[in-house]
Amino acid sequence: MNKLKIGMISFAHGHAFSYLNSLVSMPEVEVAGIADEVKSRVEAVAEKHGIPYFEDYRELLSKDLDAVVICSENVRHAELTIAAAQAGKHVLCEKPLGISKREMEEMIAACKENGVQLMTAFPCRYLPAVVQAKQAVERGEIGEIVAIKGTNRGSFPGGWFADKALSGGGAVLDHTVHVMDLMHWFLGAEVQEVYAYATTVFQEQDIDDAGMVHVKFDNGVFAVLDPSWSRNRSFPTWGDVTMEIVGTRGVLSVDAFAQKNDVYSVQAGKGEWSYWGDNMDEYLVRSFVEALRHGKPVPITGEDGMKAAAVALAAYESAAQGQPVRL
């Protein structure tokens, strides 16, 4: 079978480097080009792997490609995805899928109209603790889910993430989507109502770095999520992904990044995590590749990405109004 030819558009988001490492390790994939208007971001990896470089993403899209991976600033996701779809390329797009419901609908429509697939980058679905918890729920081990308490608390990312003109929002947009996608996935239900708090607590910048998102699903389940950038520089790693899933017959506690050793180094001057666990990014990219190679639907759709991002957008609306917002 011929190799799947994949291009990469923008390395603005750091996940791009992990995705690239996964792609180049797959013998069934050829990374056929990297496009980034900032050459210094990608020059080293392009030279290391002998990958053609393009300053203009349109030139990359004109090449013989099957798909692209988009890791740009959030505000460019729609432009790049629609251009890729119109060029007949399948798309794996970094989260959040978009910064408005309208543009996400346009992204999804463009891919459908041009006969290509759109996958949202939600690698947390592939973490072993998450996978095993979902299997336990499906076996009925905790009965019917009543409520979920989640966290995706991270450190302040800085850079374009803190510039609303490029990110579209702060911590609430950046970190709500991962765990909200997991909640949707576990429940098979959709959020009906959002009541949220979003503000600036930890940084002196005009961007929300703290929040609390309360939701009610259409099946009656309640959930709450802390998506704050609340981890300071002394914290061992960038953050966490946790869920406390309350059922009628029991409770499941999920610590998604628990595959680690704690290292206390005098040289480092703080505690550190030595992560030895599964590579969620590799599983994500591999699932995208395998779906395309075998002509199957991608496992995490554009609609999945839109549902999760819509909750974050509604959270901002609720925080501004000081009252619940219905989706």
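Start by selecting Leu-60, which lies in helix α3; helices (H or I, at least four residues) and strands (E, at least two) are DSSP runs numbered from the N terminus. The model is predicted: local features need pLDDT of at least 70, side-chain atom pairs count only at pLDDT 80 or more, and totals for chains, interfaces and linings use all residues. Residues are numbered from 1 along each chain as its sequence is written, and side-chain values use heavy atoms, with hydrogens and water left out.

Is Leu-60 buried or exposed? Leu-60 has a relative accessible area of 0% and is buried (under 20% relative accessible area with a 1.4 Å probe, protein chains only; exposed is over 50%, partly exposed in between). Now show what is in contact with Leu-60 (heavy atoms within 4.5 Å). Setting aside neighbours within four places in sequence, the partners are Gly-7, Met-8, Ile-9, Gly-33, Ile-34, Ala-35, Phe-54 and Leu-65. For Ile-34, 26 residues away along the chain, the C-alpha atom is 7.4 Å from that of Leu-60.

Next, select residues 77-86, helix α4, where seven of the 10 residues are buried. These are His-77, Ala-78, Leu-80, Thr-81, Ala-83, Ala-84 and Ala-85. They pack against β1 (4-9), α3 (57-61), β4 (67-70), β5 (90-94), α5 and β6. After α4 comes Gly-88, with a positive phi near 80 degrees.

Colour the chain by domain: domain 1 covers 4-121, and domain 2 covers 124-280 + 309-326, with bounds from an automatic or database domain assignment. The contact between them takes 16 residues from domain 1 and 16 residues from domain 2. Taken over C-alpha atoms, the domain centres are 25 Å apart.

How much area do domain 1 and domain 2 bury between them? The value is about 1100 Å², 65% of it on carbon and sulfur atoms; buried area is the accessible area (1.4 Å probe) lost when two parts are put together, summed over both.

Select Lys-95 and Asp-174 to see a salt bridge, with the closest N and O atoms 2.5 Å apart. The rule asks for a side-chain nitrogen of Lys or Arg within 4 Å of a carboxyl oxygen of Asp or Glu, and finds one salt bridge across the interface of domain 1 and domain 2.

Finally, select α5 (101-113) and β6 (118-121): each supplies at least two residues of the side of domain 1 that touches domain 2.
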